[in-house]
Amino acid sequence: MNKKDRIAIVVTILYMFWPLIVVVDSGNTLAALIFTIPVISYWGYRFVKNDISFFKNNSED
């Protein structure tokens, strides 16, 4: 796992506290879903571009 992945994971975890607080505080799941769109978009983009190092297979088959 490279530095870019570690930073992205930490930011994702910290950012996901906000939707969790919204759901617990107000029960509004739609607002929480809207708050998660940037995270889902970011990780989806990196998945499509094959830019996630811990998904790469290092074996020489």
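How much accessible surface does the chain have, and what share of it belongs to carbon and sulfur atoms? The accessible surface comes to about 5,000 Å², and 68% of that belongs to carbon and sulfur atoms; such areas come from the Shrake-Rupley method with a 1.4 Å probe. This is a predicted model, in which local features need pLDDT of at least 70 and side-chain atom pairs count only at pLDDT 80 or more, while totals for chains, interfaces and linings use all residues. Residues are numbered from 1 along each chain as its sequence is written, and side-chain values use heavy atoms, with hydrogens and water left out.

The chain contains two helices and zero strands (DSSP runs: H or I of at least four residues for helices, E of at least two for strands, numbered from the N terminus). Its radius of gyration, taken over C-alpha atoms, is 15 Å, well over the 10 Å that the globule rule (2.2 Å times the number of residues to the power 0.38) gives for 61 residues, so the chain is more spread out than a compact globule. Along the principal axes, the C-alpha atoms fill a box of roughly 50 × 20 × 15 Å.

Of the 61 residues, 18% count as buried, meaning under 20% relative accessible area with a 1.4 Å probe, protein chains only. Arg 46 lies in helix α2, which covers residues 29-48. Leaving aside neighbours within four places in sequence, Arg 46 is in contact (heavy atoms within 4.5 Å) with Lys 4, Asp 5, Ala 8, Asp 51 and Ile 52.

Methods. Buried < 20%, exposed > 50% of the residue type's maximum accessible area, 1.4 Å probe, protein only.
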